[in-house]
Amino acid sequence: MTEPAESPTALVHAEAVRWADASEYPYVAEVVFVDAEGVRHSIIDKTPLFWDFDPELESEFPIAVLLQATVVESGLPGDRVRVGIVHRSVGEDGYAEFTVFAHQVTEELS
């Protein structure tokens, strides 16, 4: 695993699938994405920590969400991309790398 970049450079498509805690605002949601190997990963946190995600309590799930990430390596076989996600729930040190399909990664952040 490489060191995390200082700031996110891309966004990874994911879905909010449920409220983990809606007792007070900001609400806590479970957000999931599936990597290129078909493994489902779950991140649970307050909604403002997910890119541009602040739904109403009555919103219906799933809801499209974007996770801030850093592109670590692109052009991998099978149209895959290696991304790093900095978030306290993805690994013991708050950083983890995942291989996803290129279509799961959207615009580069400036």
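This is a predicted model: local features need pLDDT of at least 70, side-chain atom pairs count only at pLDDT 80 or more; totals for chains, interfaces and linings use all residues.

User: Where is E58 placed?

Analyst: Residues are numbered from 1 along each chain as its sequence is written, and side-chain values use heavy atoms, with hydrogens and water left out. Strands are DSSP runs of E with at least two residues, numbered from the N terminus. E58 sits in the loop between β3 (40–46) and β4 (63–76).

User: Is E58 buried or exposed?

Analyst: Buried means under 20% relative accessible area, exposed over 50%, and partly exposed in between (1.4 Å probe, protein chains only). E58 has 64% relative accessibility, so E58 counts as exposed.

User: What is the phi of D79?

Analyst: D79 lies in the loop between β4 and β5 (80–86). D79 is exposed, because its relative accessible area is 54%. Its phi is positive in a residue other than glycine, near 55°.

User: How many salt bridges does the structure hold?

Analyst: A salt bridge here is a side-chain nitrogen of Lys or Arg within 4 Å of a carboxyl oxygen of Asp or Glu. By that rule, the number of salt bridges is three.

User: Which residue forms a salt bridge with E37?

Analyst: E37 is exposed, with a relative accessible area of 60%. The closest N and O atoms of the pair are 2.6 Å apart, and the partner of E37 is R80. E37 lies in the loop between β2 and β3 and R80 in strand β5, so the pair ties together parts 43 residues apart in sequence.

User: Which side chain makes a polar contact with T99?

Analyst: A polar contact is a pair of N or O atoms within 3.5 Å; within protein, one must be able to donate a hydrogen and the other to accept it, and residues adjacent in sequence count only if both atoms are side-chain atoms. T99 is in strand β6 (residues 95–101) and counts as buried because its relative accessibility is 19%. At 2.8 Å, the side chain in contact with that of T99 belongs to R82.

Definitions and conventions: Helices (H or I, at least four residues) and strands (E, at least two) are DSSP runs, numbered from the N terminus.
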